[in-house]
Amino acid sequence: MDDKERVLYCGNLSERVTEDLLYELFLQAGPLESVKIPKEKDGRQRNYGFITFKHAVSVPYSIALMDGLSLFGKPLLLNARSGSEAAPNPYKEQLRKYEISLNQQSYNQNDNWRHDGYSRRHDSRSHGQRESSLFEHYK
């Protein structure tokens with residue numbers, strides 16, 4: 001297995017991001033070997049880092065899992081290390097399908113809640129009964 005296949009590039013890092021923080025974050029995607037944020041000649045860290053996973057499958061998984069994530073107000077830019085083959089990410093497609101399914105379920109549940117006969121919001125009989133009992137109480 002080529003080492004390049006197990007390395008994830010993580011760009012657009014805030015100066016507040018540490019190697020320990022990246023380690024804890026990307027550990028959620030799979031076992032890690034190392035995390036490295038290169039330093040400038042003057043000792044300041046650069047705004048990118050490299051995460052090396054134990055398994056190559058963790059790279060596309062972490063890209064899909066962390067898509068859209070921001071740290072300290074800066075969205076992360078995640079890519080497989082340059083030089084590795086750019087294959088379609090099966091996890092992104094799976095997550096997209098799952099998200100569509102969840103949205104559809106949520107829509108159906110909301111739709112059923114709005115249109116069922118048992119909803120207090122739409123059941124005029126129970127609403128009218130509550131109003132009349134309230135008015136009778138204050139007469």
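**View 1. Arg6 and Glu33 join their side chains in a salt bridge, 2.8 Å from N to O.** A salt bridge here is a side-chain nitrogen of Lys or Arg within 4 Å of a carboxyl oxygen of Asp or Glu. Arg6 sits in the segment before E1 and Glu33 in strand E2, so this pair ties together parts 27 residues apart in sequence. The model is predicted: local features need pLDDT of at least 70, and side-chain atom pairs count only at pLDDT 80 or more. Residues are numbered from 1 along each chain, and side-chain values use heavy atoms, without hydrogens or water.

**View 2. Asp3 forms a salt bridge with Arg6, with the closest N and O atoms 2.6 Å apart.** Arg6 is buried at 8% relative accessible area, while Asp3 is partly exposed at 47% and Glu33 is partly exposed at 46%. (Buried means under 20% relative accessible area, exposed over 50%, partly exposed in between, using a 1.4 Å probe and protein chains only.) Shared partners join Asp3, Arg6 and Glu33 into one salt-bridge network.

**View 3. Asp42 and Arg44 meet in a salt bridge of 2.9 Å, N to O.** Here both residues are exposed.

**View 4. Leu22 and Phe26 touch the most other members of the largest nonpolar core, which has 19 residues.** Such a core is a set of buried Ala, Val, Leu, Ile, Met, Phe, Trp, Tyr and Cys residues joined through side-chain atoms within 4.5 Å. Now look around Phe26: leaving out residues up to four places away in sequence, the residues touching Phe26 include Leu8, Ile51 and Leu78, where contact means heavy atoms within 4.5 Å.

Key: Helix = DSSP H or I, 4+ residues; strand = E, 2+ residues; numbered from the N terminus.
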